[in-house]
Amino acid sequence: MSISDESPPERPELPDSRTVSRSTFLQAGLAALGAVGATAAALEPLKKVDDYPSFEEFFQKHYKELSKEEMAAVLERTRVRVKKKFGVDATVGDPKPIEGVEFAYALNIGRCVGCRKCVYACMKENNQSREPQVQYIRVLKMKKGSINVESSQHLYEDETVPTKDHYYMPVQCHQCRKAPCVKACPVQATWQEPDGIIAIDYDWCIGCRYCMAACPYGARVFNFAEPKIKPEEINTNMSYLGNRPKKKGVVEKCHFCMQRTRKGQYPACVEVCPTGSRKFGNILDPESEISKILETKRVYILKEEVGTLPRFYYYFDV
Amino acid sequence: MFEELRDYSVFVLRALRETLLGDWRYFAWMTALAVVSLLGLNAYAKQLAYGLVTTGMSSEVSWGLYIANFTFLVGMAAAAVMLVIPAYVYGDHDLHDVVILGELLAVAVIVMCLLFVTVDLGRPDRFTHIIPGIGKFNWPMSMLSWDVIVLNGYLALNAHICGYLIYCEYKGTKPTRLFYIPFVFVAIFWAISIHTVTAFLYVGLGGRPYWNSAIIAPRFLASAFTAGPGFIIIALQVIRRFTDYKVKDAVLLKLRMIVQVSMIINVFLLFCELFKEFYTDSAHVASAKYLFFGLHGYNGLVPWIWTAMALNTVALGLLMLPASKSLKYLDLACALSIIGIWIEKGMGLIIPAFIPTPVGDIVEYNPTLNEWLVCAGIWAFGMLLYTVFLKITIPVLTGRLRRESGAGWKLSPILGSNPVGE
């Protein structure tokens, strides 16, 4: 006996059940058609999405799980993407931490004049978006007599600096030994490298911004829009975990210019500082300038009470 | 096995058919919800195309309405437990009748929670990275990874309990206790956990003094147990009015008691927090000051929080008075407390933690229209889901939708070798 031979049983609760159901199904069909059309119309803006992940990108592994060959393919893909987007030939490398090196940074608050040259040198070196502007360094204008950042100003617009009764305190990623951002990230997209740098796999970050909520230094910034950089302003010396241009929707931050420092150069901010307030080096070498500063100067750790053990120190000459 | 599958697919088809039947009010309601959902979908498509720049968030205020709604809804979802405990632990028969309606609400609301988290992601295309086993899950370190587990677990638990019980009722068979009682009890603890974990998400951040307070988790629970049962009271009254399912007054009055007690605890805990902040008056009071009184001329959240305070106060007053034993005032009290808590726990708990920033900047947060539309879309979609769940469940509970009364029961097996029932 086939199914169609059975007549539907009587349903006393709904006497007109058969007619209802026939017209209902017709209506339902029309409604479904309308719903599909309306949904398609609602999804129309998706046509403008221009960064759908390719097959390879979708299945790309986490940085730490890439084999040598896979890493080479990823670097090549990144190079091609930069070429396609900016029309520039870049070299994209993946410099590794140097054995026996742990970086640290010291900033002389007595000398900083708040000129913000570091902010812009950083942006240029690290291929951050210029529109909207993404900055790794915030220079805080502090009232003399207090070291409380909660009463500082960041967006000051003085014609000349320094201004009377103020001193300046630049803040950037502190590369903490006990980094709250690393703890927070749900997908291990950020971690501490052997040389102390807190790195981000920008191809793994899901953009949840929990690390930004976790950071006590406000060091992390998010690409709310697709980063815009003029091709002539692109720095073509790029590294995967460092300064390659980012996509929209990921977090980035200072990484001690690893594309430079892992090759023995100073970070861009150290090089550009006109007052020599910025010092950088290897704290595992007792003879390095940074080791001497930490040993002999009066050193201050910003927000020491949150217990993140930063590799970024402030110091005073006098 | 085959018959079970066939029976089940007949059930699914009949359930779907059930959602297509209704009077004009039902269709008007569903159409309205569908339209708002689609508006939200459209707004989200724009966000996907241009990035989160379509929202009012910034690197300074990096979480906004999405996470605020998420936080509030986690509470609503967990509130089903306030029906489950009396029904299953204390054997309350009145609440036992409606407990499944609460669990269905939990399912719909958890789906909303997951949607709110998804729309907040900068790279939703990388969602596989957060799937345990497939991605690179930072468990147990990251509280967010805990949240992924507890939310999805809670969804699965409730979906199983509801699905199983409704299907048994439909078949007219007695549910096997082993198949649901253990899950019900696990779900009780699980409900507390979704709250606690979500609170810990904020509490665990040493760099945000506004959140770094042990009282946040208990406050979450208290406000959830106010807003959740409050919502269920309103839902039950709608059900009572528009369907033939009988909801006893006693049920509503018992829920009123739960809402009443929770609201008192909620307001008390809020008072404790405010005392700590303002009496101590340390540098850490800045966020609370911004929220309640404004800071250095910035006062974007001040009207919001005082609205919430007023709503909560009126709701508390109404709930304490015998007046709210009359259902009209009870509805009002519930509606006021839901809105009040939505503001207080959403905008009031999330945004001020970012203002001022950890380095002292004050950047205010103004949600954009697009952001509001995405939120409205998710709310409408959640309500749509809940309506569909109820539309299927209520005929089953009233006995109108039964296996015996439908075509499915009488179908002979196609092979003819294994007759059923006869």
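# Two chains of a predicted model

Trainee: Which residues have the most contacts inside the largest nonpolar core?

Mentor: This is a predicted model, in which local features need pLDDT of at least 70 and side-chain atom pairs count only at pLDDT 80 or more, while totals for chains, interfaces and linings use all residues. Residues are numbered from 1 along each chain as its sequence is written, and chains are lettered from A and ligands numbered from 1 in the order in which they are written. A nonpolar core is a set of buried Ala, Val, Leu, Ile, Met, Phe, Trp, Tyr and Cys residues joined through C-beta atoms within 7 Å, where buried means that 20 or more other C-beta atoms, placed from the backbone, lie within 10 Å of a residue's own. The largest such core has 210 residues, and those with the most contacts inside it are B:Ala77, B:Leu105 and B:Cys113.

Trainee: Which helix gives the most to this core?

Mentor: Helices are DSSP runs of H or I with at least four residues, and strands are runs of E with at least two, numbered from the N terminus. With 19 residues, the helix that gives the most to this core spans residues 93-120 of chain B and is α5.

Trainee: Which element gives the largest share of the side of chain B that touches chain A?

Mentor: The contact takes 53 residues from chain B and 63 residues from chain A. On the side of chain B, the elements that give two or more residues are α2 (24-50), α6 and α14 (407-410). The largest share, 9 residues, comes from α2(B).

Trainee: What is the radius of gyration of chain A?

Mentor: The radius is taken over C-alpha atoms, and the globule rule is 2.2 Å times the number of residues to the power 0.38. A compact globule of 318 residues would come near 20 Å, but chain A has 28 Å.

Definitions and conventions:
Contact = placed C-beta atoms within 7 Å. Buried ≥ 20, exposed ≤ 12 C-beta atoms within 10 Å, placed from the backbone.
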